[in-house]
Amino acid sequence: MNIFELSLNHYLILSALLFSIGVYGLCTRNNTFRVLMSIEVILNAININFVAFAHYVDPIFVKGQVFSLFVMAIAAAEAAIGLSLLLIIYKNRVNIKMDSFNSLKW
Amino acid sequence: MEYLNKLVPFSFYFLATASVLCSLGMIFNKNLVRAGFTLIGSFVAIAGIYFMLSANFVGVSQILIYAVGIVLVIVFAIMLCSLKDPATQESADEDSDKSQGFSLKNITAFIFSCGIFALLVNVINSIDWISIAKINNFMHRDVNIAEITKIYTNQIGYLMLNDYILGFELVSVLLLIVLIGVIIISKKEVK
């Protein structure tokens, strides 16, 4: 892998790095907002993979770009539902730690 | 224009470093609102990487949807939740100190994520991607790639309304369901 000549491997390794950072945040943080933001970072890492493969492997019919747009729509839906659930839990419990969500009905 | 091509790897390394540092800042910054705004930097750097990969439409959507839409919604939700916890008197918008240090949970998660990264890098480097790309592009040797990057946005619209019409419609139904569901969830009466 040549450092000064970009190839598909550079983008894939960047995506793997962002993915593992997101997994670390997902596992360690106790704050639910930070967990949601880590999920967004993971989805972005996946999107980099889609676009990089579309550019290097399939440059004629860029199908990977279409799927990255689908992933963005799913991420927006996930953030909206997650945040509204989080706000209703906060109104009831005044607490947004992950450890305190041990019951869905109270 | 020759010297501009030599700058392309440096711009990639700049954008990659910016996105990785901003993601790390999102995890390790103590102030939650500041962590949310750090995420904008990460998403804008990733949008720059999309522009480098000649995916203009995806890059613009990344800025519009992620960097402005999702992150600002998250930050507003953080601001709505930033009262003090009455039981423990610690602020709800900050991680307590015990979750930042070297606890068993943090070390285990660090080893786990490093293992995932090592596995992915091993797989990426063990496959010859260039020959796979050559096999795939063998039938289209006569197409000028530099010309075709100009109509990528047209191509996305064509694919969305022809090959992937089912996914497109499903996403629109999903967004409608989310719209109604969010309104119903947040209008719920608090006991």
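**A tour of the model**

Begin by selecting chain A, which reads α-α-α along the sequence, helices here being DSSP runs of H or I with at least four residues, and strands runs of E with at least two, numbered from the N terminus. Chain A is more spread out than a compact globule, because its radius of gyration is 18 Å, well over the 13 Å that the globule rule gives for 106 residues; the radius is taken over C-alpha atoms, and the rule is 2.2 Å times the number of residues to the power 0.38. The C-alpha trace of chain A spans about 55 × 30 × 15 Å along its principal axes.

This is a predicted model, in which local features need pLDDT of at least 70 and side-chain atom pairs count only at pLDDT 80 or more, while totals for chains, interfaces and linings use all residues. Residues are numbered from 1 along each chain as its sequence is written, chains are lettered from A and ligands numbered from 1 in the order in which they are written, and side-chain values use heavy atoms, with hydrogens and water left out.

Next, colour chain A by accessibility: 63% of its 106 residues are buried, where buried means under 20% relative accessible area, exposed over 50%, and partly exposed in between, with a 1.4 Å probe and protein chains only. Its accessible surface comes to about 3,900 Å², and 70% of that belongs to carbon and sulfur atoms; such areas come from the Shrake-Rupley method with a 1.4 Å probe, and for residues only the protein chains shown count as cover.

Now select Leu14(A), Leu18(A), Phe33(A) and Met37(A), the residues with the most contacts inside the largest nonpolar core, which has 69 residues. Such a core is a set of buried Ala, Val, Leu, Ile, Met, Phe, Trp, Tyr and Cys residues joined through side-chain atoms within 4.5 Å. Helix α3 of chain A (residues 63-93) provides the largest share of this core, 11 residues. Apart from this core lies another, of 5 residues, including Ile60(A), Val62(A), Ile148(B) and Tyr152(B).

Which residues does Met37(A) contact, leaving aside its neighbours within four places in sequence? They are Met26(B), Leu32(B), Ala35(B), Gly36(B), Leu39(B), Ile74(B) and Ile78(B), a contact being heavy atoms within 4.5 Å.

Move on to Asn44(A) in helix α2 (residues 32-56) of chain A, which counts as buried because its relative accessibility is 0%. With neighbours up to four places away in sequence left aside, Asn44(A) is in contact with Phe43(B), Ile46(B), Tyr50(B), Gln62(B) and Tyr66(B).

In helix α3 of chain A, select Val71(A), which counts as buried at 15% relative accessibility and touches Leu43(A), Asn47(A) and Phe50(A), not counting residues up to four places away in sequence.

Turn to chain B and select Ser54(B), in the loop between α2 and α3, which has a positive phi of about 60 degrees although it is not a glycine.

Finish at the surface with Val44(B), Phe51(B), Val60(B), Ile63(B), Leu64(B), Ile65(B) and Val68(B), which form a nonpolar patch with about 540 Å² of accessible area together. Helices α2 (32-52) and α3 (56-80) of chain B are the elements that give two or more residues to this patch, and α3(B) gives the most, with 5 residues. Ile65(B), in helix α3 of chain B, is partly exposed, with a relative accessible area of 31%. Patches are made of residues with over 30% relative accessible area and no salt bridge, like charges being joined within 9 Å and nonpolar side chains (Val, Leu, Ile, Met, Phe, Trp, Tyr) within 5 Å; a salt bridge is a side-chain nitrogen of Lys or Arg within 4 Å of a carboxyl oxygen of Asp or Glu.
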